[in-house]
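The sequence and structure come first.

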Amino acid sequence: MKPKVHAVLFDLDGTFADTAPDLAAALNHVRATRDLAPLPLEILRPQASHGSVGLLKVGMNITPDSPDFTGLREIFLQHYAENIFVQTRLFDGMAELINQLDAREIVWGIVTNKPHRFTVPLMQALGYATRAGCLISGDTCANAKPHPEPMQLACATIKIPAENCLYLGDDQRDMQAANAVNMRGIIANYGYVSEECSVANWQAFGSVNTPLDLLDFLQ
């Protein structure tokens, strides 16, 4: 018999909210500083879950080892900080899912690799910062996902064991982090899961095509 679900934890980018348009705009701002034409959202969208590193790799062909990386990343982050809530929205069905969780008295929270300086303002802009049971960012702990430490802190914060939690995410590291603490990981197929991903190898407990599909796992 599966343990009863008392909490649901969410990744942020590509799971809780569709942040790709504003992240892509920040990347295209960086490209504009080098007189490069903007890239279409459909090319950048699959990299949105990988933050500035993934987007700069695709959009500028640089890695953290590149001489220009630090400077271009700062341009990216500054633009994003000033334009964090222009086109970003909750995924369709997410608001209804959160209302259902609240109605059922199921605790929910955020565990993301997004830095604290962006996580809190974005959740505030979305109107969910004070409703979340926890807001664990990429720099809240010494280690970020796929390390288990953020998941462990989330469970300690909401005072619910990992086996009684679900974790919804759209990246393999989300499933790795969940599995590391014996938490049931669910893949958000509607998120930034690229066609190249071999999700069958992610060792997930299940997957959903819309946020509301998660209700099927609460039975």
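## Packing of helix H1

The buried residues of H1 pack against strand S2 (17–18), helix H2 (41–44), helix H3 (51–60) and helix H4 (69–82). Contact here means heavy atoms within 4.5 Å. Helices (H or I, at least four residues) and strands (E, at least two) are DSSP runs, numbered from the N terminus.

The model is predicted: local features need pLDDT of at least 70 and side-chain atom pairs count only at pLDDT 80 or more, while totals for chains, interfaces and linings use all residues. Residues are numbered from 1 along each chain as its sequence is written, and side-chain values use heavy atoms, with hydrogens and water left out.

H1 spans residues 20–33, which is 14 residues. From its first C-alpha to its last it reaches 20 Å, close to the expected 20 Å; the expected span is 1.5 Å times one less than the number of residues. After H1 comes Asp 35, which has a positive phi, near 60°.

The helix is mostly covered, with 10 of its 14 residues buried. Buried means under 20% relative accessible area, exposed over 50%, and partly exposed in between (1.4 Å probe, protein chains only). Among the buried residues are Ala 20, Pro 21, Asp 22, Leu 23 and Ala 24. Ala 26, Leu 27, Asn 28, Val 30 and Arg 31 are buried as well.

## Salt bridges across the chain

Side chains of opposite charge can pair when their charged atoms come close. A salt bridge is counted when a side-chain nitrogen of Lys or Arg lies within 4 Å of a carboxyl oxygen of Asp or Glu. The whole structure holds 7 salt bridges.

In one of them, Asp 102 pairs with Arg 131, with the closest N and O atoms 2.6 Å apart. This pair links distant parts of the chain, 29 residues apart: Asp 102 is in helix H5 (residues 94–103), and Arg 131 is in the loop between helix H6 (116–126) and strand S5 (135–136). Asp 102 is partly exposed because its relative accessibility is 32%. Arg 131 is also partly exposed, at 34%.

## Buried salt-bridge partners

Asp 174 and Lys 145 form a salt bridge at 2.7 Å, N to O. Asp 174 belongs to helix H8 (residues 172–180), whereas Lys 145 is in the loop between S5 and helix H7 (149–158), 29 residues apart. Asp 174 is buried, at 0% relative accessibility, and Lys 145 is buried at 5%.

Asp 171 forms a salt bridge with Arg 173, with the closest N and O atoms 3.5 Å apart. Asp 171 counts as buried at 11%, and Arg 173 at 15%. Salt bridges that share partners join Asp 11, Lys 145 and Asp 174 into one network.
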